[in-house]
Amino acid sequence: MNPVEKGYKRVNGIRLYYEIYGFGKPLVLIHGGGSSILFDYKEVISRLENKFQLIGIDLQNHGMSDHRDIPETFEQDARDIATLLKEINIEKASFWGFSNGGNTVMQVAHLYPEIVDKLIIASAFYKRNGMMDGFFEGMMLATLDSMPEPLKMNFLNLNPDFPKLENMFDKDSKRMQTFEDWGADILKGIKSPTLFISGDKDVMKPEHTVEMWRLVQGSQLMILPATHGSYMMADFGGNTDTKLIDFTVSEIEKFLNG
């Protein structure tokens with residue numbers, strides 16, 4: 001994985017880390033909670049770096065970016081992304097957000113519609129009841145010990161600073177614990193071409209992804225035989241379903257070029 005550019009930009013009071021791969025139409029890659037650019041998008045980048053300009057961003061508190069001592073919100077992440085893109089002279093791009101990154105790119109489309117070409121919302125949600133039964137009850141009891149080991153190791157490899165890991169886990173957990181349902185207007189207001197993706201064994205119910213798809217006029221829907229993200233990355237057991245990822249990426253390529 002050789003980025004053509006990487007580094008930091010000062011964004012809304014902190015340094016945000018980004019990497020750019022390839023050339024062509026810009027596609028911004030936004031990782032999920034507790035994660036980082038390459039943890040979520042390594043497989044995707046290896047398949048698309050010769051076809052698009054891929055811009056990966058580590059969000060506040062994550063990966064190589066600085067942490068903040070204020071609560072995380074999807075709106076703040078959207079503001080950070082819009083500011084960073086301005087810093088690197090990207091006026092308009094397509095966005096692919098996975099998991100919490102999917103919520104974040106919905107807020108990008110809501111707050112900054114003028115910078116959005118197309119939108120890929122992968123394994124995201126907009127209402128608490130869209131998550132599998134018991135999800136939020138589990139979040140209320142979450143401790144650092146319950147964080148998946150691969151995510152912990154990934155963070156510490158990028159950023160060997162245990163208090164920063166604790167900070168990130170605390171901020172991510174609080175954001176989920178205090179999440180309040182979004183109004184349907186957030187989705188109905190999305191005017192850019194949009195593709196929703198989730199797995200049939202995902203952490204959000206398939207019917208919730210269908211509900212979101214129905215709210216965005218003209219959007220597309222793909223529900224795959226997969227767990228959370230295993231259609232685009234290795235699962236937490238380290239298993240990679242290459243054929244499934246090939247299929248996902250080829251459908252996304254069609255969507256982006258259509």
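A cavity is defined on a 1 Å grid over the protein atoms alone, as a set of points where a 1.4 Å probe fits but cannot get out. The model is predicted: local features need pLDDT of at least 70, side-chain atom pairs count only at pLDDT 80 or more, and totals for chains, interfaces and linings use all residues. Residues are numbered from 1 along each chain as its sequence is written, and side-chain values use heavy atoms, without hydrogens and water.

**Cavity.** Select its lining (residues with an atom within 4 Å of a point): H31, G32, G33, L59, H62, D77, N100, G101, T104 and R175.

**Helix.** Next select α3, residues 100-111, which contributes the most to this lining, with 3 residues. Helices (H or I, at least four residues) and strands (E, at least two) are DSSP runs, numbered from the N terminus. Helix α3 lies across β3, β5 (93-98) and β6 (116-122).

**Sheet.** Now display the open sheet of 8 strands, ordered β1-β2-β4-β3-β5-β6-β7-β8 with mixed pairing; pairing requires at least two DSSP bridges between two strands. Its edge strands are β1 (5-11) and β8 (220-224). Finally, select β3 (26-30) and β4 (53-58), which pair in the parallel sense over 5 bridges. Within this selection, L29 has G56 of β4 as its bridge partner.

Technical notes. On a 1 Å grid over the protein atoms alone, a cavity is a set of points where a 1.4 Å probe fits but cannot get out, and a pocket is an open set with protein on both sides within 12 Å along at least five of seven lines; lining residues have an atom within 4 Å of a point. Contact means heavy atoms within 4.5 Å. Axes are lines fitted to C-alpha atoms, for helices over the stretch in contact, and angles run from 0 to 180 degrees between N-to-C directions.
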